[in-house]
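This report describes selected features of one protein model. Please keep the sequence and the structure in view while reading.

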Amino acid sequence: MIKRTANLDWYKDPILLDALDRIHEPKRLLDKPFLLPLQAVCKIGGIGAFPVGHVETGTIKPGMVVKFGPSGLTTKVKSAEVHHESLVGGLSGDKCWFQCEECCCRGSKTWLCSV
């Protein structure tokens, strides 16, 4: 399905490489408020807890104040990393982990982090 041949005269759809070329990158929702459903909280001894999740909308940056739901805990982000690289921030569509001044993510299966 990489090259069109005489054996594929019956196949009218695009071949594999043409179909891949037609795929467009999804639009990042950077103009909306920050929202990150938490997937896990990694605890590293001596360092602390790191919430991990996929940034659905907005961006996360060190120094911004975020709110955890449903508890309503508000805290400041100390650092944010994407793929183990410290960045200025995580964008919509990135899977990132971040460190907060105070993190209390226990006792509930569903947590959201937002602005």
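A residue is called buried under 20% relative accessible area, exposed over 50%, and partly exposed in between (1.4 Å probe, protein chains only). The model is predicted: local features need pLDDT of at least 70 and side-chain atom pairs pLDDT 80 or more, while totals for chains, interfaces and linings use all residues. Residues are numbered from 1 along each chain as its sequence is written, and side-chain values use heavy atoms, without hydrogens and water.

Two residues illustrate these classes.

| Residue | Relative accessible area | Class |
|---|---|---|
| Leu 17 | 42% | partly exposed |
| Thr 57 | 12% | buried |

Thr 57 lies in the loop between strand S2 (48–54) and strand S3 (59–60); strands are DSSP runs (E) of at least two residues, and helices (H or I) of at least four, numbered from the N terminus. Leaving aside residues up to four places away in sequence, Thr 57 touches Leu 29, Lys 32, Pro 33, Phe 34, Leu 35 and Ser 92, where contact means heavy atoms within 4.5 Å. The side chain of Thr 57 also reaches the backbone oxygen of Pro 33 at 2.5 Å.

Strand S1 (residues 35–44) pairs with S2 in the antiparallel sense over 6 bridges; pairing requires that DSSP finds at least two bridges between two strands. Within this pair, Leu 38 has Gly 53 in S2 as its bridge partner. S1 and S2 form a hairpin with 3 residues between them, and Gly 46 in the turn has a positive phi of about 85°.

Leu 17, in turn, belongs to helix H1 (residues 16–21).

Conventions:
Polar contact = N/O pair within 3.5 Å; in protein donor to acceptor, adjacent residues only side chain to side chain.
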